[in-house]
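The sequence and structure are shown first.

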Amino acid sequence: MKKLLAIGEALIDFIPEETGKELKNVKGFQPEVGGAPANVCGAFVKLGGEASMITQLGDDPFGDKIVDEFVSCGIGCQYVKRTREANTSLAFVALKGDGNREFSFYRKPGADMLLKAEDVKEEWFEDVFALHFCSVSLGDFPMKEAHRKAVEYGIKKGALISFDPNLRLQLWEDTGKLREAVLEFMPLAHVLKISDEELTFITGCDTIEKALPGLFKGNTRMVIYTKGSDGAECYTAHDKGTAAGKKVKAVDTTGAGDGFIGSFLHCLAEDGVTAENLETVTGEKMNGYLAFANAFCGISVTKHGAIASYPTMEEMERERQ
């Protein structure tokens with residue numbers, strides 16, 4: 001199986017030791033390695049794939065913790081830079097009584113934001129299955145141009161480009177700029193993942209059926225639409241797949257969406273799906289990929305943390321027995 005690359009933020013998620021409270025009222029937090037692109041790499045390697053992260057960390061203890069975690073779980077660190085210009089990004093998370101999460105980010109700037117386009121090298125993309133990215137690092141800072149360069153190299157080398165907007169509105173002073181950035185990068189991706197919570201903000205449409213014509217633009221050949229516990233849908237221009245949600249008692253949903261796309265990409269890689277043959281994936285195949293990704297998330301949300309909560313392929317097989 002070829003390697004997955006992801007570019008963007010790797011950070012420390014401070015997970016609340018108590019739930020049902022607003023962030024200001026939480027008394028204790030547990031630091032866990034996170035950041036959506038890093039989580040996707042974590043899901044991919046937990047299932048037996050090879051993945052490496054393109055990012056920048058501070059020359060500080062939290063950066064050390066992230067590198068240690070990457071090494072421990074098998075995420076490649078050869079494209080991780082370290083800097084003294086800024087600290088490693090931090091995110092404090094609260095799980096409120098209504099089930100929603102509340103975030104407070106410490107990255108003004110974070111080390112990841114300062115990675116430059118010239119730091120990304122074309123040779124990294126030789127024999128790469130896919131490049132995955134999100135929108136957190138598409139603000140008006142150097143990392144945005146690093147993303148643009150990575151996508152350029154990925155397409156040139158034949159990699160499948162995967163984009164999960166993974167919106168974090170609180171990181172943007174002007175959410176209109178966020179929408180502009182997402183709309184700018186969406187047509188560059190072959191695979192686009194979008195959630196029911198993001199659909200209207202990004203597309204202006206209230207149903208996925210209305211939104212699809214506007215999503216299949218540029219390079220986009222597959223759209224994955226996730227609906228939380230209500231399941232997920234997958235579309236190409238020629239077919240559709242669906243999978244029901246898996247009902248479980250959730251302990252922590254941090255990184256669940258990242259685990260979904262990471263495990264879905266692993267399915268594509270196992271089946272030899274590429275940017276060129278993506279449109280030929282059948283509805284039956286999509287059904288299987290979505291069911292696998294839902295089951296993966298169903299296990300992960302019963303544990304704390306993101307990467308630490310992801311199941312191995314052996315655990316997945318036991319679950320299906």
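The points below are grouped by topic. The model is predicted. It holds 13 aromatic pairs and 0 disulfides.

**Helix H4**

- Helix H4 spans residues 175-185, and its buried residues are Leu178, Ala181, Val182 and Phe185. These residues lie on the same side of H4, because they cover an arc of only 100° around the axis.
- At the start of H4, the backbone nitrogen of glycine 176 has a side-chain oxygen of aspartate 174 within 2.9 Å.

**Aromatic pairs**

- One of the 13 aromatic pairs is formed by phenylalanine 133 and phenylalanine 185. This pair is edge-to-face, with 5.8 Å centre to centre and 65° between the planes.
- Phenylalanine 133 belongs to strand S8 and phenylalanine 185 to helix H4, so the pair ties together parts that are 52 residues apart in sequence.
- Phenylalanine 133 counts as buried, at 0% relative accessibility. Phenylalanine 185 is also buried, at 0% relative accessibility.
- The pair of phenylalanine 296 and tyrosine 310 is tilted, because the planes are at 40°, with the ring centres 5.3 Å apart.
- Phenylalanine 296 sits in helix H8 (residues 283-300), while tyrosine 310 is in the loop between H8 and helix H9 (313-320); the pair links distant parts of the chain, 14 residues apart.
- Both phenylalanine 296 and tyrosine 310 are buried.
- One aromatic cluster is made up of Phe14, Phe29, Phe62, Phe92 and Tyr106.

**Helix H6**

- In helix H6 (residues 208-215), the residues Ile208, Ala211, Leu212 and Leu215 are buried. They cover an arc of only 120° around the axis, which means that they are on the same side of H6.
- Lys210 and Pro213 are exposed, on the face of H6 turned away from its buried side.
- The buried residues of H6 pack against helix H5 and against strands S10 (191-195), S11 (222-226) and S12 (232-235).

- S11 and S12 are antiparallel and pair over 4 bridges. Valine 223 has tyrosine 235 of S12 as its bridge partner.
- The hairpin of S11 and S12 has 5 residues between the strands, and glycine 228 in the turn has a positive phi of about 60°.
- S12 also pairs in the antiparallel sense with strand S13 (residues 240-243), over 4 bridges. The bridge partner of glutamate 233 is threonine 242 in S13.
- S12 is joined to S13 by a hairpin through 4 residues.
- Within S12, Ala232 and Cys234 point one way and Glu233 and Tyr235 the other way; all are buried.

**Cysteines**

- A disulfide is a covalent bond between the sulfur atoms of two cysteines. The structure holds 0 disulfides.
- For cysteine 77, the closest cysteine sulfur is that of cysteine 73, and the distance of 8.4 Å is too far for a bond. Cysteine 77 counts as partly exposed, at 22% relative accessibility.
- For cysteine 297, the closest cysteine sulfur is in cysteine 267, 11 Å away and too far for a bond. Cysteine 297 is buried, with a relative accessible area of 11%.

Conventions: Residues are numbered from 1 along each chain as its sequence is written. This is a predicted model: local features need pLDDT of at least 70, side-chain atom pairs count only at pLDDT 80 or more; totals for chains, interfaces and linings use all residues. Side-chain values use heavy atoms; hydrogens and water are left out. Buried means under 20% relative accessible area, exposed over 50%, partly exposed in between (1.4 Å probe, protein chains only). Helices (H or I, at least four residues) and strands (E, at least two) are DSSP runs, numbered from the N terminus. The arc is that of the directions from the helix axis to the C-beta atoms. A polar contact is a pair of N or O atoms within 3.5 Å; within protein, one must be able to donate a hydrogen and the other to accept it, and residues adjacent in sequence count only if both atoms are side-chain atoms. A disulfide is a pair of cysteine sulfur atoms within 2.5 Å. Rings of Phe, Tyr and Trp (its six-membered ring) pair if their centres lie within 6.5 Å; planes under 30 degrees apart count as stacked, over 60 as edge-to-face and the rest as tilted. Contact means heavy atoms within 4.5 Å. Two strands pair if DSSP finds at least two bridges between them.
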